[in-house]
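My entries follow the structure.

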Amino acid sequence: MRKPNRRSKGGFTLMEVTLGCALLSVVAYKAHGAMRSASDGLDQETQRAFIEDQARRVLRQVGFAIMGSNRESLLPSSTAPSSTNDLTYRVNLGIQDGAVVWSDLNKVAMDPEALRVFHATNPGDTDEQRVYWTNLVAPYLEGEIPNGMDDNGNGLIDETGLSFAINGNSVTIFLTLQRLMDDGTSFVDTVSTVVTCRNLGEE
Ligand SMILES: [Ca+2]
Ligand SMILES: [Ca+2]
């Protein structure tokens with residue numbers, strides 16, 4: 001007696017269908033893995049670009065603020081190898097009746113506990129107005145640790161993630177931003193610039 005053929009004409013056996021599904025799953029899984037890997041790579045690049053852009057933007061904001069200040073109004077007046085992570089200043093608003101008109105007190109600073117950089121008008125007063133510029137500032141500048149030495153060789157000792165050093169009418173601004181990435185690594189970006197106070201009060 002002839003055995004019935006399990007393969008229908010033009011069809012597949014149960015074993016072939018099962019094997020086909022398994023292979024398809026493997027291919028789909030690998031494709032998904034490849035796509036996810038590419039996507040993760042893109043996310044990492046996007047995050048790095050975001051941090052780099054933010055570092056440059058905050059440095060510009062801090063630079064413009066200090067640039068518009070009067071040198072004599074800058075406090076504290078830290079010179080290398082000391083530095084400070086906050087500066088208060090006033091801006092010359094112009095001359096009225098032969099006298100210089102000064103702005104309210106301003107402040108650019110780093111909050112070392114919240115790791116944020118902010119600008120404040122009338123700091124410490126009841127009407128203080130504070131604007132945060134970044135919440136990614138590092139506790140210490142890249143390469144620096146609190147040990148009483150200049151670990152990163154920039155002439156400053158134990159400087160924080162935002163640091164100011166004053167030399168004459170110039171202020172050097174250092175800024176390190178850092179962020180923990182999705183893969184567990186830490187991405188760090190450091191920028192710096194030197195600005196000269198306009199010092200218009202003496203003109
Ligand atoms: Ca240093
Ligand atoms: Ca140090």
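I call a residue buried under 20% relative accessible area, exposed over 50%, and partly exposed in between, using a 1.4 Å probe and protein chains only. By that cut-off glutamate 144 is buried, at a relative accessible area of 5%.

I noted that this is a predicted model, where local features need pLDDT of at least 70, side-chain atom pairs count only at pLDDT 80 or more, and totals for chains, interfaces and linings use all residues. Residues are numbered from 1 along each chain as its sequence is written, chains are lettered from A and ligands numbered from 1 in written order, and side-chain values use heavy atoms, without hydrogens and water.

I looked up the donors of the calcium ion (ligand 1), taking N, O and S atoms within 2.8 Å of the metal (3.2 Å for Na, K and Ca); water is not among the atoms, so the site may look incomplete. The protein donors are Glu144 (OE), Asp150 (OD), Asn152 (OD1), Asn154 (OD1), Leu156 (O), Glu159 (OE) and Glu159 (OE), at 2.3 to 2.6 Å. Their residues follow the spacing E-x5-D-x1-N-x1-N-x1-L-x2-E.

Asparagine 152 is partly exposed at 25%, and asparagine 154 is partly exposed at 26%.

I then counted contacts as heavy atoms within 4.5 Å. Beyond four places in sequence, glutamate 144 touches residues including Met149, Asp151 and Ile157. The C-alpha atoms of glutamate 144 and isoleucine 157 lie 8.0 Å apart, with the residues 13 apart in sequence.

Outside four places in sequence, isoleucine 173 has contacts including Leu59, Val62, Phe164 and Val195.
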